Amino acid sequence: MSDSIVAVICDHQCSSKGPLQAANLTKRLANTTTVDKLIVLDKACQDPEKKLQRVAGKKILFAGCPYLEESGFYTLAAEKLGLKPGEMLVTDIKSSILDLYDDADVIEENLIGRLESLSRLLADSVALKDRPVKLKRSVLIFGSGYSGLKAALELSGGKLSVDLVETEDPPLAPGCLAEGLRSPNLIEELTERVRTSEDVAVFPETAMGPIRSVEQGFTVSFNGGEAREYGSVIFAPERTEAPAEEIGSWNLTQAYKRIHEHQPIKGRIVFVLDRRSETPPEVIQDILTAAKVIKERTNAEVWILLKQLRVALPGLQELYDLTREMGVIFVKYRNLRLQNEFGDFNITGEDPQTGALFRISNPDRVIIPGPGGLGASALKAAETLGLRLLGEQYTQPYSLWRLANESNHPGVLVCGSARGNMDGDGVAADAASMVQALKARMTPEGITPVEHVASVDAEKCVYCLTCVRLCPYHAMVKNIEDRVAQPITTACQGCGICAAECPAEAITLRNLSQESVLAAMQAL
Amino acid sequence: MADSILIMHCKEGAKRALARMTEEGYKLPARFKTFELPCTGSVNEVLLMENLQNGASGVIVLGCRKENCKHMDGNLRAERKVARIKKMLSEAGVEGRFVEMVFAAPDEGKRLHDTLLRLAHAGHSEGKEK
Amino acid sequence: MSEIKSDSNLEKLLAKGEFVVTGELGPPKSVDMSVLDGKIAALSGAVDAVNITDNQTAIVRISSIGTAFYVMARGLEPVVQMTCRDRNRLAIQADLLGAYLNGARNLLCLTGDHQSFGNHPQAKQVYDIDSMQLIYMVKQMRDEKTFQCGEEIRNNKKSDIHEPRFFIGAAANPFADPLEWRVSRLEKKAAAGVDFVQTQCVYDMDCFRRWMEDVVARDLHKKVKILAGITPIRSLGMLRYMKSSVAGITIPDSLIERFEKTEDVKEEGRAFALEQIEQFRQMEGVAGVHIMAIEAEKTVRGIVEDAGLLPRPQAA
Amino acid sequence: MIVAEQKPITDILDMLPEGKRILVVGCDTCVTVCLAGGEKEVKVLSAALRMAKKQFDEISGVSIERQCDGEFIDEIREQVAAADVVLSMACGAGVQMMSDFFPDKPVLPALNTLFMGSNEGAGYWMERCLGCGDCVLDLTAGICPRTRCSKGLMNGPCGGSENGKCEVDPENLDCGWNLIYQRLKSLNRLDAMMPIRPPQDWSKSHDGGPRKLIREDVQL
């Protein structure tokens with residue numbers, strides 16, 4: 001691979017601003033130093049394979065609109081040209097250039113600045129040659145809900161074998177899984193595939209023997225049999241209220257605590273009661289009382305969303321009437337969706353009686369009662385493996401890596417799916433993204449470090465442990481022998497917090513060193 | 001670089017917020033430059049100061065909405081560093097240069113645009129008045 | 001009857017087995033004699049001796065020793081207070097010699113409130129020695145007739161020894177943490193050589209009684225005369241403030257309830273103080289009371305009188 | 001470790017003479033570890049000085065292993081020669097050592113040196129030792145009463161101990177003597193509370209000019 005850099009940009013023929021002019025750009029780029037050649041592709045998104053033939057053998061800086069990424073142009077390029085991370089860089093120039101600035105001159109100038117800047121980064125970067133860290137070939141999954149089943153199927157069938165543990169006994173019995181999922185056929189199909197899979201074994205929790213931590217993994221024996229050795233564990237816990245913190249949710253205890261401590265509660269308070277007949281009257285009484293107290297003491301608008309539940313249970317009629325008179329809003333719902341896609345949090349649903357749609361935007365608090373969390377055996381496993389259970393802090397699919405990494409067991413993952421703030425389809429979508437994140441890194445070959453993995457310059461490191469204390473993934477550890485900090489490369493997520501905090505400037509992110517970043521910023 | 005305003009943004013929520021801003025048709029003047037980092041938690045005082053020193057009239061660190069940082073609290077770390085530098089610049093009587101922290105969610109195109117323009121304007125006029 | 005160690009009236013009364021009453025006088029922040037005279041008039045004849053505070057709560061006031069001389073000249077026996085916050089061992093010993101020279105006989109050895117509470121929080125604290133070491137040092141001066149460094153208290157090798165002979169007091173707080181250590185701390189002070197202690201003002205009678213039982217069980221009351229502290233409650237606000245903000249004072253909820261119910265808080269406060277005195281007199285090992293009515297010195301005589309403790313006995 | 005914090009930049013600017021060439025010197029040991037005066041901080045402070053309203057001729061920066069060891073100071077003689085004023089980001093010991101080495105140059109402190117202490121977690125340091133020269137930790141369950149008690153009592157706790165906290169700051173400050181008591185108790189050594197500890201020999205402390213330690217076995 002030559003060190004020279006080719007910038008490949010799309011001419012944006014499709015843009016209303018008019019296409020980029022290759023001649024102008026080339027002229028302007030002549031003054032810069034790092035880009036050797038500029039190739040402007042005529043409508044790069046059309047017939048990409050043919051166009052790629054023109055750009056082989058060099059580091060390439062691609063610039064095009066987001067559609068190129070969506071259409072797989074870059075993946076194709078990497079594959080066709082054999083480019084590894086560090087040998088190519090992609091920048092989205094529709095959003096940042098064409099639409100950002102008004103006139104052609106400015107666009108061109110900024111585009112050149114950007115190409116110059118990023119080419120500096122690319123010039124300094126190195127291709128990734130990391131070998132994946134090998135793991136034990138077996139995976140243990142706790143929970144046979146949607147995400148548990150999906151993860152089992154996705155991971156098995158290759159070189160990995162999967163054991164699945166379920167609290168319900170017998171496991172995989174119909175009706176006990178993925179309650180609320182609106183595609184029962186899907187879950188039945190998944191269950192059937194797991195049941196018939198040769199690579200997935202299913203055990204009830206009661207069959208589990210003690211968990212023992214061993215190097216690079218742990219062992220479990222089932223029914224007193226031989227100890228099976230695992231490199232990875234996946235937790236797919238049942239419905240839990242904890243992750244709902246992300247949208248500002250409380251459980252009842254928290255709500256009571258705030259009320260008791262006279263903490264201000266304002267805005268809209270929404271109670272979601274989506275469980276059915278098994279919801280005990282005490283819980284309903286609790287919610288009605290909480291609603292009453294909040295209403296009495298605050299200016300909050302209080303909503304109680306009910307599914308099939310009859311509130312007017314014997315003995316609660318009076319309380320129900322009272323809260324209704326106080327202005328608490330009761331809505332029965334169907335198709336409830338809790339969405340937090342873009343910072344705005346919306347609750348939408350449909351009234352089953354009238355068919356009317358309702359929408360609550362950005363409620364101050366959502367209170368979701370209900371049990372949940374990891375089962376006893378999963379908790380035991382987590383404890384044995386030294387996992388810190390942070391519950392509600394694991395709010396995003398990819399951040400679930402964090403828990404795994406905190407154990408310093410490179411193969412331990414946590415996959416939480418059934419999140420209390422979502423309806424069935426939300427659960428499925430969430431689980432799917434989780435499984436994708438999981439699959440992307442946990443291949444039969446092992447785990448590969450991320451591109452921007454941190455590295456420590458042992459000469460500069462003063463062993464102050466700032467990075468060890470601050471890494472959100474606990475991916476920085478003490479190297480006792482050499483007395484320096486050392487990253488666990490499979491756990492590092494390349495966020496750069498350690499590098500920013502290092503007082504001795506001893507930490508560098510691969511392909512993103514502070515010097516190259518500064519140089520690139522300068523070139524803008 | 002001279003007189004430019006550098007926006008250091010993360011490649012997660014903040015990047016999507018910028019994209020949404022342009023999709024919604026809000027444009028930024030040419031002096032704004034953007035630079036993508038893995039997380040605003042990777043911004044430190046050196047990065048802020050070196051850019052100002054090299055002539056940028058302002059540096060805006062654009063992070064994800066609070067509590068939504070992929071890396072737990074990278075955006076909050078950036079916020080504190082920005083605050084420290086802000087104090088330092090003001091106490092040192094530095095003129096015509098500013099640092100600011102902005103949080104944006106991917107659905108806040110207009111708000112982000114307004115905020116960036118307002119900051120640029122305020123930072124600029126503040127520098128001139130002195 | 002124990003041997004008399006000093007020339008103190010207070011010591012003699014205690015030695016006779018009288019139930020003594022001591023008071024407290026906070027020197028003013030200026031050299032306004034009229035304030036002092038008023039306080040002296042209020043306390044004269046009502047108490048056996050009066051504590052003169054030493055830069056109380058770390059606020060600069062007329063010095064304890066200076067005020068003591070003034071008080072003495074007007075016929076009231078002072079208990080000089082000495083804190084470790086403001087003086088090192090040289091200054092303390094020199095001041096004690098001076099105090100003794102002018103007739104002071106009672107000394108209360110204290111650690112002293114931290115300077116951050118007062119009006120010169122920027123001052124450098126001294127704490128060269130602590131209250132325990134101060135007690136031991138004063139005892140050493142009296143009984144060993146040597147300075148802290150071991151040198152004899154005389155002008156030269158040929159001259160006679162003339163040592164200051166103080167009746168040594170200290171504070172005791174039965175309510176501070178760790179609670180179970182508090183009697184041991186008294187024991188430690190006894191071992192250091194303290195002759196009498198005045199306790200932190202008592203509101204939690206049960207807690208105090210338990211502490212006293214432990215003191216008696218260890219025979220400490222025979223080595224150290226114990227004066228129970230009383231601060232009459234004058235307002236509900238004062239009670240609540242002490243509960244929430246003053247370290248080392250416990251106030252039971254029942255007491256607050258009692259004062260919340262009452263209409264005349266001051267009268268109830270007087271009544272409670274009288275009840276306390278009555279109970280202290282019945283309690284084994286309590287040798288007297290120490291009434292701390294700072295800035296309310298006028299109320300003391302009435303309380304002492306209604307408690308049937310007037311007139312005060314004479315030592316001789 | 002020695003813990004220090006940067007002086008307010010207003011103070012630093014006040015002490016620096018206008019129009020001169022300033023060399024900012026960091027120290028790679030204690031003050032780097034406590035995030036006050038390492039290589040990174042040298043860069044940040046230098047940049048601030050370059051941009052400050054007060055003008056200087058030139059600001060340059062360098063960081064050395066330890067400013068309290070002459071051999072390391074020797075390494076930057078040339079840079080110092082090219083500057084008018086040295087701004088040291090070391091602790092007080094480093095600043096003075098630099099002054100000794102460069103008698104003709106003003107050496108100014110950029111930090112306030114605070115204490116000898118421990119790192120209790122990210123961004124949190126606490127004083128643990130006064131350097132009194134007369135260690136009693138064997139008697140006090142490994143908790144220093146002179147440092148941890150706000151009055152430095154040797155026979156505590158005083159009457160201001162409540163709920164395990166010191167009355168000086170009941171929110172944030174543990175009562176040092178309560179810590180000692182509880183620890184002695186858990187070690188089953190409460191008897192160590194009883195002896196009256198004599199007044200300290202302060203002559204071993206900072207009480208007569210700088211203390212010196214001379215090891216003749218090493219000197220030869």
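**Where chain B meets chain A**

The side chains of Glu501(A) and Lys81(B) meet in a salt bridge, at 2.5 Å from N to O; the term covers a side-chain nitrogen of Lys or Arg within 4 Å of a carboxyl oxygen of Asp or Glu. The rule finds two salt bridges across the interface of chain B and chain A. This is a predicted model, where local features need pLDDT of at least 70 and side-chain atom pairs count only at pLDDT 80 or more, while totals for chains, interfaces and linings use all residues. Residues are numbered from 1 along each chain as its sequence is written, chains are lettered from A in the order in which they are written, and side-chain values use heavy atoms, leaving out hydrogens and water.

Let's step back to the whole interface. Here 43 residues of chain B are in contact with 46 residues of chain A, with contact meaning heavy atoms within 4.5 Å. Together the two chains bury about 3700 Å², 55% of it on carbon and sulfur atoms (accessible area, 1.4 Å probe, that two parts lose on being put together, summed over both). Of the area that chain B buries against chain A, Phe35(B), Lys70(B) and Met72(B) supply 17%, more than any other three residues.

Now look across to chain D, which is divided into domain 1 (2-115) and domain 2 (132-199); these bounds come from an automatic or database domain assignment. The C-alpha centres of domain 1 of chain D and domain 2 of chain D are 38 Å apart.
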